Amino acid sequence: MFKQISLAAALLLSVSTAWSAEIWVEAESFAEKGGWVVDQQFSDQMGSSYLMAHGLGKPVADASTDINVPEDGTYKVYVRTYNWTSPWTKAEGPGKFKVKAGGKQLSAVLGNTGDKWEWQYAGKTKLRKGVQKLALHDLTGFNGRCDALYLTTDEDAVLPDGGQELASMRRSKLGLDKTEALSADYDLVVVGGGIAGMCAAMSAARGGMKVALVNDRPVLGGNNSAEVRVHLGGHAEIGVNKGLGRMLREFGHSRQGNAKPADFYEDEKKEAFIASEPNIDLFANNRAFAVEMDGQKIKSVTLRNIETSKETVLRAPLFADCTGDGTIGFLAGADFAMGREGRAQFNESVAPEQPDSMTMGASVQWYTRDDKRPTKFPVFDYGIDFNDDNCERVTMGEWTWETGMNRNQISEAERIRDYGLLVVFSNWSHLKNGLADNAKFRNRSLDWVAYIAGKRESRRLLGDYILKQDDIDKNVFHEDGSFTTTWSLDLHFPDPKNTAKFPGNEFKAATKHVFVHPYAVPYRCLYSRNIDNLFMAGRNISVTHVALGTVRVMRTTGMMGEVVGMAASLCKKHSDSPRGVYQHHLPELCAMMKAGAGKSGDILPDNQHFNLANRLLDKPRAFVEACEE
């Protein structure tokens with residue numbers, strides 16, 4: 001009898017579990033974002049985008065969406081979230097929010113405890129079958145974040161916090177394993193919609209190629225977009241291939257400056273530039289997360305929409321990695337370097353004596369406004385102590401507010417960005433609430449703080465040639481000289497003054513500009529040495545850490561992209577590879593580079609930077625003055 005009862009109970013339990021109602025919601029898919037923003041920067045580490053309440057200390061409007069409740073019942077609500085200040089303090093965190101379900105606000109405060117991304121229990125609520133409203137209600141405006149929500153009638157639900165188990169569960173709940181991804185074929189797939197990627201796509205398209213341009217944000221331009229706000233550095237239309245860079249006039253900004261109002265960066269011009277070309281299909285809001293290989297060639301890349309999670313497979317004979325982080329090359333198994341080479345490896349006098357993992361950091365820029373009346377800012381104190389002696393008495397922060405130089409810019413990217421936010425809020429809180437004489441700040445409020453970090457360095461994909469300091473110092477001639485680099489050897493390092501005040505927790509950078517003569521960089525730095533159909537353009541090209549200091553600015557990376565697009569069109573024309581262009585078609589590529597892929601005529605504006613470029617060869621001091629702007 002006991003065995004029969006136990007068997008019956010087990011059968012009843014299995015039926016009950018099988019019929020438990022459940023609802024899985026990716027927060028980034030909410031129909032109405034309110035004041036919450038979609039953050040996709042760390043998808044490769046955590047497997048998803050998330051929503052974040054980036055309100056600069058003022059609670060943001062609710063994010064909400066409709067959910068389809070399958071059955072009447074009492075639902076337990078779980079939220080995957082993260083207490084983002086936990087690396088620096090054990091105190092309750094500032095990123096607090098609550099959940100509303102079916103018109104009822106649940107009592108639990110979320111996002112302020114724990115020390116990792118985890119599921120937190122929000123409470124129970126009764127829901128009726130049919131369409132109901134689900135919402136995130138921010139309490140502080142201090143970057144509370146939500147990855148996903150899970151509602152279930154199962155009293156014993158167990159949810160994985162991360163790893164492959166969570167990834168598998170996410171795919172299952174979203175039905176991705178049962179839905180065939182959309183697919184398309186192109187001549188060239190360019191991944192990365194920054195300046196390098198835009199120029200690569202347009203150059204190839206004007207060369208007759210059908211191009212897919214993949215961008216994981218809603219706006220183009222990368223660090224030059226209104227989301228990051230870094231102006232275009234370097235000079236174009238200079239050197240042996242003066243045609244390169246004229247394209248930048250078609251969408252480049254007309255006003256200089258970092259951390260300026262959004263309209264300085266003219267994102268609408270970038271959008272119109274790409275939209276004007278019928279040979280380019282733009283895949284905005286899509287992040288490439290997987291590749292399929294065929295031997296040493298990339299066969300396809302798989303994209304995931306950062307809001308809907310829908311997947312798309314793009315196939316092509318050629319690919320260009322313009323991601324900055326070298327993501328496509330890394331996924332394909334391309335050779336790469338990261339960190340600083342030792343001095344002896346390439347005989348670079350500027351390099352450190354011993355190799356190490358240090359990179360240039362990521363900047364979280366910000367500025368304030370004058371409200372013409374006294375304003376308040378919440379006390380923000382989460383593990384980094386600011387006082388009258390160590391605070392930064394400034395009303396804005398641009399490129400020098402740089403973090404993560406001693407951390408891994410890939411695996412620790414979220415922590416690096418979060419530390420940038422932490423020091424901005426902490427310093428401003430002291431200026432507003434603690435500084436003895438704060439008349440300068442009394443009427444000011446935070447107006448803009450970036451949440452998309454402006455990265456400078458991570459992986460560098462290795463090509464048939466690795467550019468090094470010696471090439472530039474000695475002006476070594478290469479027959480495949482392509483784009484001209486004009487920026488100095490500009491290598492950032494922790495500001496010693498900031499280190500003295502915050503040892504081990506620096507957030508300010510310094511640099512020393514070492515003048516270089518304008519130098520034509522070999523084309524062989526723009527394709528992978530071991531992945532046969534992979535180009536690269538941007539800060540991930542084949543250079544040493546020292547040489548990166550001169551090629552990484554965005555007018556220069558735009559010209560890289562232009563060259564890649566030209567070379568890709570020759571690959572199509574001659575059924576050849578990126579390496580084959582160097583081996584068999586270099587004169588043809590050189591002719592194309594001299595002409596450039598930009599539009600000609602008088603309708604395009606000139607400005608001081610293009611004029612200055614024409615004087616650089618004869619007046620090096622003009623370059624130094626430009627760097628000091």
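**Exercise 1.** What volume does the largest cavity have, and which residues line the largest cavity?

*Solution.* 
Step 1. The structure is a predicted model.
Step 2. One cavity of 30 Å³ or more is found in the structure, and the volume of the largest cavity is about 30 Å³.
Step 3. The lining of the largest cavity consists of Ala-362, Ser-363, Val-364, Trp-401, Glu-402, Thr-403, Gly-420, Val-423 and Val-424.
Step 4. Sorted by class, the lining of the largest cavity comprises five nonpolar, three polar and one charged residues.

**Exercise 2.** Determine which element gives the most to the lining of the largest cavity.

*Solution.* 
Step 1. At least two lining residues of the largest cavity come from each of strand E20 (362–363), strand E23 (402–403) and H8.
Step 2. With three residues, H8 gives the most to this lining.

**Exercise 3.** Describe the open sheet that contains strand E21, and state where helix H8 packs.

*Solution.* 
Step 1. In general, the strands of a sheet pair through backbone hydrogen bonds, in either a parallel or an antiparallel manner.
Step 2. Here three strands form an open sheet in the order E22-E21-E24, and their pairing is antiparallel.
Step 3. Strand E22 (396–397) and strand E24 (444–449) are the edge strands, each pairing on one side only.
Step 4. Strand E21 (residues 366–370) and E24 run antiparallel and are joined by five bridges. Arg-369 has Ser-445 in E24 as its bridge partner.
Step 5. Helix H8 (residues 413–433) packs on the sheet and touches E21 and E24. The direction of H8 makes about 170° with that of E24.

Terms used
Residues are numbered from 1 along each chain as its sequence is written. This is a predicted model: local features need pLDDT of at least 70, side-chain atom pairs count only at pLDDT 80 or more; totals for chains, interfaces and linings use all residues. Side-chain values use heavy atoms; hydrogens and water are left out. Two strands pair if DSSP finds at least two bridges between them. Helices (H or I, at least four residues) and strands (E, at least two) are DSSP runs, numbered from the N terminus. Contact means heavy atoms within 4.5 Å. Axes are lines fitted to C-alpha atoms, for helices over the stretch in contact, and angles run from 0 to 180 degrees between N-to-C directions. On a 1 Å grid over the protein atoms alone, a cavity is a set of points where a 1.4 Å probe fits but cannot get out, and a pocket is an open set with protein on both sides within 12 Å along at least five of seven lines; lining residues have an atom within 4 Å of a point. Grid points are joined across faces, edges and corners, and a volume is the space filled by probe spheres set on the points. Ala, Val, Leu, Ile, Met, Phe, Trp, Tyr, Cys and Pro count as nonpolar, Asp, Glu, Lys and Arg as charged, and the others, Gly among them, as polar.
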